Structures are given as C-alpha cells and as structure tokens.
Amino acid sequence: MKRRLAFAVTALALSFAGAYAQDTSMGFFVTSANPGKGGDLGGLAGADAYCNTLATASGSTGKNWKAYLSTDAENAKDRIFTGPWYNAKGEKIADDVAALHGDASNLTKQTALNEKGEVINGRGDTPNRHDILTGSLPDGTAAPETCGNWTMGGSEGAAIVGHSDRTGLDDSAAAKSWNSSHSTRGGCTQEAFKTTGGDGLFYCFAAN
C-alpha cells in the first residue's frame with residue numbers, strides 16, 4: 001500500500017513538473033526577408049500575418065506571433081505579451097518586457113537569429129542588414145516615423161530602426177540599441193532601406 005502511495009505521489013509530482021516546465025521553443029525571431037513591398041507591410045495585421053507564415057514554415061506551431069512594430073495607435077512593447085522569449089536555438093532573449101527593454105536583454109548579433117536559426121548580417125558584413133524596422137523609441141513606445149503605420153512603400157516617409165547586432169558608427173546608446181537607433185533615409189522602399197544598412201526586416205515575438 002505504501003509503495004503504491006509513494007508511486008502515485010511521485011507520478012503526481014512529475015505531472016506538475018511537466019506542466020510547469022519552461023517552454024524554450026522558439027518565441028522570437030528576426031524575419032529572414034521583407035515581404036516584398038518595403039515599408040508597406042499591410043499595416044500591423046499584415047506584419048503579424050507574415051510573422052505567423054514564417055514561423056509555420058520553420059516548423060513552429062501553436063503560437064500566435066506579433067510583429068514588434070509601433071503605430072500611431074499601438075506601442076510595440078504592448079503587442080508581445082509577457083515573455084520569456086527564446087530564439088530558434090533555445091537561447092533566452094529576455095524574461096519579460098522590462099528585461100527586454102533594459103540592461104538584462106540578451107538580444108545580440110549572435111542571438112537575434114531569423115526563423116531558420118541563422119545570424120543576420122551586421123556591420124562589417126556584406127551586405128549589412130542590421131537595420132530592423134520598429135517605429136519605436138527605446139522604451140518600446142511609438143516613434144513618429146513608421147512608414148505611415150506600415151502602409152507606405154514608396155519614396156515618401158521614414159521609419160525608426162534598431163541595430164540587431166547592437167553596433168553602429170560610434171559607442172552611443174542609440175548605435176547600440178536593438179530597437180531605436182536612427183531613422184531610415186530616402187523613403188520607405190526596399191532600396192532606400194539598404195542605403196543605411198537594412199533590408200526591411202523586423203522582429204517577431206510569440207504573444208502567448
């Protein structure tokens with residue numbers, strides 16, 4: 001009787017441990033490519049759909065993905081749920097929203113991988129693709145430059161970008177910021193993004 005009771009208690013403990021085990025599957029990635037229209041991502045809905053499409057193609061299932069992008073009506077930091085988030089290799093990016101936007105963030109060139117687990121080219125690589133679209137200030141709230149709330153892909157407009165490799169022209173906080181380094185120049189076309197070291201990529205986070 002005691003043996004059976006001990007077995008039941010052990011089984012129950014293992015069941016609870018499994019239920020609360022940390023999910024380290026991919027919950028963050030940088031898009032491997034732009035959807036094809038520069039800053040015109042189809043608004044937030046189009047950007048979210050693209051995140052979900054790339055995640056599914058990579059084999060990730062059961063998660064609701066959101067683009068880390070701000071608009072006039074919504075802050076990027078409020079779109080991505082609570083964390084923690086892990087990249088395609090199971091490396092933790094951050095525990096929560098506060099850590100993601102603070103000194104505890106582990107978002108670097110080596111960890112800011114795309115959905116395939118590949119490193120994004122940074123400063124010193126050819127071509128440099130480290131400019132990541134965010135439309136955000138350092139705290140994750142909206143900046144004025146969002147390529148018309150992600151509906152403009154022509155010669156007008158601009159977007160705030162961050163550096164996925166945390167590297168820029170100097171050692172300033174902006175140059176090392178993953179989400180708010182500088183504005184794009186020359187419009188919101190794919191070609192314009194390339195002139196400052198970008199490729200129209202953006203961050204995707206699992207929001208559940």
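**Exercise 1. Are Trp85 and Phe205 buried or exposed, and how are their rings arranged?**

*Solution.* The structure is a predicted model, in which local features need pLDDT of at least 70, side-chain atom pairs count only at pLDDT 80 or more, and totals for chains, interfaces and linings use all residues. Residues are numbered from 1 along each chain as its sequence is written, and side-chain values use heavy atoms, with hydrogens and water left out.

Step 1. Buried means under 20% relative accessible area, exposed over 50%, and partly exposed in between (1.4 Å probe, protein chains only). Both Trp85 and Phe205 are buried.

Step 2. Rings of Phe, Tyr and Trp (its six-membered ring) pair if their centres lie within 6.5 Å; planes under 30 degrees apart count as stacked, over 60 as edge-to-face and the rest as tilted. The whole structure holds nine aromatic pairs. One of these is formed by Trp85 and Phe205, which is edge-to-face, with 5.2 Å centre to centre and 80° between the planes.

Step 3. Helices (H or I, at least four residues) and strands (E, at least two) are DSSP runs, numbered from the N terminus. Trp85 belongs to strand E3 (residues 85–86) and Phe205 to strand E8, so the pair ties together parts that are 120 residues apart in sequence.

Step 4. The rings of Trp178 and Tyr203 are also edge-to-face, because their centres are 5.3 Å apart and their planes stand at 75°. Both Trp178 and Tyr203 are buried. Ring pairs join Phe28, Tyr68, Trp85, Trp178, Tyr203 and Phe205 into a cluster.

**Exercise 2. Determine how many disulfides the chain has and which pattern they follow.**

*Solution.* 

Step 1. A disulfide is a pair of cysteine sulfur atoms within 2.5 Å. This rule gives two disulfides.

Step 2. The sulfur atoms of Cys51 and Cys204 are 2.0 Å apart, and the link is left-handed, with -75° about the S-S bond. Cys51 lies in helix H2 (residues 43–57) and Cys204 in strand E8 (residues 198–206), so parts that are 153 residues apart in sequence are tied together. Cys51 counts as buried at 0% relative accessibility, and Cys204 likewise has 0% and counts as buried.

Step 3. In the disulfide of Cys147 and Cys188 the sulfur atoms are 2.1 Å apart. This link is left-handed, with -100° about the S-S bond. Cys147 is in helix H4 (residues 147–150) and Cys188 in the loop between strand E7 (182–183) and helix H5 (190–194), so this pair ties together parts that are 41 residues apart in sequence. Both cysteines, Cys147 and Cys188, are buried.

Step 4. With bonded cysteines counted along the chain, the pattern is 1-4, 2-3.

**Exercise 3. Which residues touch the most other members of the largest nonpolar core?**

*Solution.* 

Step 1. A nonpolar core is a set of buried Ala, Val, Leu, Ile, Met, Phe, Trp, Tyr and Cys residues joined through side-chain atoms within 4.5 Å.

Step 2. The largest such core has 22 residues, of which Phe29, Cys51, Trp65, Leu69, Leu133, Trp150 and Phe202 touch the most other members. H2, E2, H4 and E8 each supply at least two residues of this core, and H2 gives the largest share, six residues.

Step 3. Apart from this core lies another, of 18 residues, among them Phe28, Ala76, Ile132 and Tyr203.
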